[in-house]
Amino acid sequence: MKYNSNKIYIVCDGSSYYGVYGCDIEDEIKENDVELHSRKGYDDWSDELEDEIAKLNDALMGTHMYR
């Protein structure tokens, strides 16, 4: 897959979800064995991105910090 180097993608390392810029994602996958959550790239560190990461982490950890 070709990543837009200026966009932010959500990845998961098995213990948490977090954002990574497209220019760094190949290294992140290789070095930290993360999985890409979605092919959708975000344009910036918006509230939408932060909300999505928080929701995913709540679901992963069984918490209700976001909701």
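Reply: Let us begin with contacts in this predicted model. Residues 24 or more positions apart account for 46% of the contacts in the protein chain with a separation of 6 or more.

Me: What is the order of the elements in the protein chain from the N terminus on?

Reply: The order is β-β-α-β-α, from two helices and three strands.

Me: What makes the protein chain as compact as a globular protein of that length?

Reply: The globule rule gives 11 Å for 67 residues, and the radius of gyration of the protein chain is 12 Å, which is close to that value; the chain is therefore as compact as a globular protein of that length. Along its principal axes, the C-alpha trace spans about 35 × 25 × 15 Å.

Me: Why is strand 1 called largely enclosed by the rest of the structure?

Reply: A residue counts as buried when its relative accessible area is under 20%. Five of the five residues of strand 1 (residues 8–12) are buried, so the strand is largely enclosed by the rest of the structure. In the protein chain, buried residues make up 30% of the 67 residues.

Me: Which way do the residues of strand 1 point?

Reply: Ile-8, Ile-10 and Cys-12 point one way, while Tyr-9 and Val-11 point the other way, and all are buried. In a regular strand, side chains alternate between the two faces of the sheet.

Me: How do you know that strand 1 and strand 2 pair?

Reply: Pairing requires at least two bridges between the strands. Strand 1 and strand 2 (residues 17–21) have five bridges, in the antiparallel sense. One example is Ile-8, whose bridge partner in strand 2 is Tyr-21. The hairpin of these strands has four residues between them, and in it Gly-14 takes a positive phi near 100°.

Me: How many bridges join strand 1 to strand 3?

Reply: Two bridges join these strands, which run antiparallel, and the definition of pairing asks for at least two. Val-11 stands opposite Leu-36 in strand 3.

Me: Why is Asp-33 called exposed?

Reply: The term applies to a relative accessible area over 50%. Asp-33 has 66% relative accessibility and therefore counts as exposed. Its place is in the loop between helix 1 (25–32) and strand 3 (35–36).

Me: What is the phi of Asp-33?

Reply: Asp-33 has a positive phi of about 50° although it is not a glycine. Most residues other than glycine have a negative phi.

Key: Residues are numbered from 1 along each chain as its sequence is written. This is a predicted model: local features need pLDDT of at least 70, side-chain atom pairs count only at pLDDT 80 or more; totals for chains, interfaces and linings use all residues. Side-chain values use heavy atoms; hydrogens and water are left out. The radius of gyration is taken over C-alpha atoms; the globule rule is 2.2 Å times the number of residues to the power 0.38. Buried means under 20% relative accessible area, exposed over 50%, partly exposed in between (1.4 Å probe, protein chains only). Contact means heavy atoms within 4.5 Å.
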